[in-house]
Amino acid sequence: MQIRFSVRHACVFAMLVQPLIPVSPAAAQNSEHRYAGLVFDPFVRKTSSGEFEAWTAEEGGRIRYRSPSTGLWSFQTTPDEVKDTLHRIHFLPAGPDGQIGWAVGNNGWVLKTTNGGGTWSVIARIAELGFSPSGWEELYDVHFLNPLEGWLIGKHTFKYSTDGGLNWWPLIPYGGGLPWLNGHTNEALREFVWAPR
């Protein structure tokens with residue numbers, strides 16, 4: 001017996017099944033942030049009990065968290081003004097500083113959490129070097145060694161912070177003839193810097 005579904009049948013089926021999908025009541029964002037869209041690179045880490053927890057950076061300024069104990073995904077609270085695509089999340093290793101994390105994305109947004117992602121705040125916004133009509137940098141990646149020292153990379157920028165991400169300074173690597181010495185990077189640089197991750 002062959003079963004065929006039309007687009008209309010598929011939509012009705014999806015509406016009927018949606019209430020059955022477990023959703024955490026901690027979905028704190030408003031409807032502007034909750035549309036379906038692209039999910040970018042997840043950040044996954046092992047907890048001290050050996051389970052895995054994960055965060056995803058998404059379109060619409062959304063960040064989602066997977067609880068290691070229940071397996072449920074829930075939206076985390078991000079600032080209402082951040083409605084752009086977030087590209088990357090980074091947390092410090094599980095332990096005393098494990099509640100501290102950062103997220104970066106389009107339009108120069110740099111977000112930080114100090115409570116494991118329960119709430120995120122804007123701590124910086126990175127201006128673009130004059131190539132974009134919006135005036136803000138497209139940020140691709142962020143990585144911190146400890147609560148103070150970190151780096152971020154974008155379409156035209158490579159910066160470091162020594163104060164947890166509140167302030168960012170241009171990074172000029174050692175050596176000559178590198179593209180970012182002229183004040184901007186190329187997009188391939190992020191693959192070079194964080195390829196082993």
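**Figure 1. The salt bridge between E58 and R62.** In this predicted model, E58 and R62 form a salt bridge whose closest N and O atoms are 2.9 Å apart. A salt bridge is counted when a side-chain nitrogen of Lys or Arg lies within 4 Å of a carboxyl oxygen of Asp or Glu. Both E58 and R62 are buried. A residue is called buried under 20% relative accessible area, exposed over 50%, and partly exposed in between, as found with a 1.4 Å probe and with protein chains only. Because the model is predicted, local features need pLDDT of at least 70 and side-chain atom pairs count only at pLDDT 80 or more, whereas totals for chains, interfaces and linings use all residues. Residues are numbered from 1 along each chain as its sequence is written, and side-chain values use heavy atoms, with hydrogens and water left out.

Figure 2. E53 forms a salt bridge with R45, and their closest N and O atoms are 2.9 Å apart. E53 and R45 are both buried. Salt bridges with shared partners also join D41, R88 and D141 into one network. Strands (E, at least two residues) and helices (H or I, at least four) are DSSP runs, numbered from the N terminus. D41 is partly exposed, with a relative accessible area of 32%, whereas R88 is buried at 15%. By the rule given above, the count comes to 5 salt bridges.

**Figure 3. Strand β7 and its two partner strands.** All 5 of the 5 residues of β7 (residues 109–113) are buried, so the strand is largely enclosed by the rest of the structure. W109, L111 and T113 point one way from β7, while V110 and K112 point the other way. Strand β6 (residues 101–105) pairs with β7 in the antiparallel sense over 4 bridges; two strands pair if DSSP finds at least two bridges between them. L111 in β7 is the bridge partner of A103. The two strands form a hairpin with 3 residues between them, and N107 in the turn has a positive phi of about 60 degrees. Strand β8 (residues 121–125) also runs antiparallel to β7, to which 4 bridges join it. There, R125 is the bridge partner of W109.

**Figure 4. T78 in a loop between two strands.** T78 lies in the loop between β4 (73–75) and β5 (86–91). With a relative accessible area of 5%, T78 is buried. Its side chain reaches the backbone oxygen of G61 at 2.8 Å.

**Figure 5. The setting of these views in the whole chain.** The protein chain has 2 helices and 12 strands. Along the sequence, the elements follow the pattern α-β-β-β-β-β-β-β-β-β-β-β-β-α. Of the 197 residues in the chain, 39% are buried. The protein chain exposes about 11100 Å², of which carbon and sulfur atoms supply 59%; accessible areas come from the Shrake-Rupley method with a 1.4 Å probe, and for residues only the protein chains shown count as cover.

Technical notes: A polar contact is a pair of N or O atoms within 3.5 Å; within protein, one must be able to donate a hydrogen and the other to accept it, and residues adjacent in sequence count only if both atoms are side-chain atoms.
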